[in-house]
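Here are a few exercises to work through with the structure open beside you. Try each task before reading its solution.

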Amino acid sequence: MKRFLLVLLAVIAVAIAGLMYHVNTNFNRSVDDQYPIPDITVEVDSAKIAHGKYLALGPAHCAHCHSPIESLPDVEMGKEVDMTGGFVFELPIGTLHSPNITSDVETGIGGYSDGQLYRMLRHNVRHDGRICLELMPFFSMSEYDVESIIAFLRSLKPVKQARPDHEYNLLGKVVRTFALKASEPTSEPPAFVERDSTIEYGRYLSEAVANCRGCHTNRDLKTGAFIGEPYAGGMVFEDASTQYWRYVTPNITPDPETGIMSNWSETQFIERMRGGRVHVTSPMPWGPFSRLDDTDLKALYRFLQTVKPIKQDNTPHVTAPAEKS
Ligand code: HEC
Ligand code: HEC
């Protein structure tokens, strides 16, 4: 019996060691085989650069994540900050640092091909083939919008600023090894989407560009998988320590009881979005969104009126550090 137990323990120890080895050699594996770098060249013209800039500084809010926290007040005010990365994300899976996306060759994206940038935006796969956590849900963007963003990135002046690599904890490594997949467009990406104040364009902005759905739907914070009803909110932004604010995204479906904007008129919605942030530390990119024009805001409002009403109360949406225990 004793001998049997010893053998069993030895088998378990070997299995754990094997598993750890597997995790440590695979959590950062490259998926270049499944997602080869597309051989494309983006034709750059001034219309694309201007459109890419509008998307990047407005609805797609790239600067919100690709600049250090000290620059956030400038991003909020609409100033053009150098997108040198350095924003730190403290997540249950470890600490992530956003990379420098200026055109510096050594520390930024200057040395990456159009295909590498295209693959990143379409599939969430980095230049070196590593899969990213789904923080940038741009994979269903139109071809024209992806090309415009690449054209705009190419126009950015190079700024040399190295940023550290991510530090994943054991949970992070296990999740990356076994659960994380590259992203796929939800349907064949359109060549071009007409910018108009229509429900269709609102859906496109919300789901492919501005990530309203990504934050206003409950998610599994370890894998990013959607676990709640679309737009019913409930996603939690919280740090393990008590020194930070806790946020829970509000329900923005048209449910008359629990939908936070169910009794707002289109004008009230536009005014609220233009008004910018009320809570200084809210993760919502209020600054970039406050620069959306009437066409985009009307489209968003009209689309949000059409989503399925869900009764779900996520209050309190905001909890101050002092109220946490
Ligand atoms: C919610 C935050 C967030 C937003 C918004 C965001 N990014 Fe990122 N981005 C990140 C993080 C974090 C990484 C690193 C991801 C990883 O390695 O898992 C990253 C990685 C990248 C990379 C990969 C660089 C490489 O090494 O291959 C590029 C390019 C990039 N982002 C461009 C953009 C552009 C362009 C936009 C706007 C259209 C944007 N990002 C918006 C957070 C964000
Ligand atoms: C990065 C996550 C994130 C994204 C992206 C995001 N939101 Fe939010 N949103 C929040 C959080 C957190 C709150 C609650 C705190 C606050 O009001 O700032 C919030 C609050 C709101 C509110 C309530 C404001 C109020 O006055 O009570 C509305 C309306 C809203 N979001 C709409 C949107 C729309 C429309 C989009 C897409 C254009 C969007 N959000 C994208 C996280 C996000």
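This is a predicted model: local features need pLDDT of at least 70, side-chain atom pairs count only at pLDDT 80 or more; totals for chains, interfaces and linings use all residues.

**Exercise 1.** Repeat the steps for His61: where is it located, and is it buried or exposed?

*Solution.* His61 belongs to the loop between α2 (46–57) and α3 (62–65). Its relative accessibility is 12%, so His61 counts as buried. The phi angle of His61 is near 40°, again a positive value in a residue other than glycine.

**Exercise 2.** Find which residues join at a cis peptide bond.

*Solution.* The bond lies between Thr315 and Pro316, with omega about -5°. To place it, note that Pro316 is in the loop between α12 (294–305) and β6 (318–319).

**Exercise 3.** Which protein atoms are donors to the iron atom of ligand 1, and why is the arrangement octahedral?

*Solution.* First, name the protein donors: NE2 of His66 and SD of Met136, lying 2.0 to 2.2 Å from the iron atom. Then look at the angles: the six donor atoms subtend 83 to 180° around the iron atom, which makes the arrangement octahedral. The pair links distant parts of the chain, for His66 is in the loop between α3 and α4 (72–76), Met136 is in the loop between α5 and α6, and they are 70 residues apart. Last, compare their accessibility: His66 is buried, with a relative accessible area of 10%, whereas Met136 is partly exposed, at 22%.

**Exercise 4.** Describe the surroundings of ligand 2: how many residues surround it, and which side chains make polar contacts?

*Solution.* Count the shell first: 23 residues surround ligand 2, and the closest are Cys212, Cys215, His216, Arg272 and Met284. By class, the shell has 17 nonpolar, five polar and one charged residues. Now take the contacts in turn:

- A polar side-chain atom of His216 is 2.8 Å from a nitrogen atom of ligand 2.
- A side-chain N or O atom of Arg272 lies 2.5 Å from an oxygen atom of ligand 2.
- For Ser282, a side-chain N or O atom is 2.7 Å from an oxygen atom of ligand 2.

To finish, see which elements give two or more residues to this shell: α9 (212–215), α10 (266–275) and α11 (286–290). The largest share, three residues, comes from α10.

Key
Residues are numbered from 1 along each chain as its sequence is written. Chains are lettered from A and ligands numbered from 1 in the order in which they are written. Side-chain values use heavy atoms; hydrogens and water are left out. Helices (H or I, at least four residues) and strands (E, at least two) are DSSP runs, numbered from the N terminus. Buried means under 20% relative accessible area, exposed over 50%, partly exposed in between (1.4 Å probe, protein chains only). A residue is near a molecule or strand if one of its heavy atoms lies within 4 Å of it. A polar contact is a pair of N or O atoms within 3.5 Å; within protein, one must be able to donate a hydrogen and the other to accept it, and residues adjacent in sequence count only if both atoms are side-chain atoms. Ala, Val, Leu, Ile, Met, Phe, Trp, Tyr, Cys and Pro count as nonpolar, Asp, Glu, Lys and Arg as charged, and the others, Gly among them, as polar. Donors are N, O and S atoms within 2.8 Å of the metal (3.2 Å for Na, K and Ca); water is not among the atoms, so sites may look incomplete. Four donors count as tetrahedral if all angles lie between 85 and 135 degrees; four count as square planar and six as octahedral if opposite donors are over 155 degrees apart and all others between 65 and 115; anything else is irregular.
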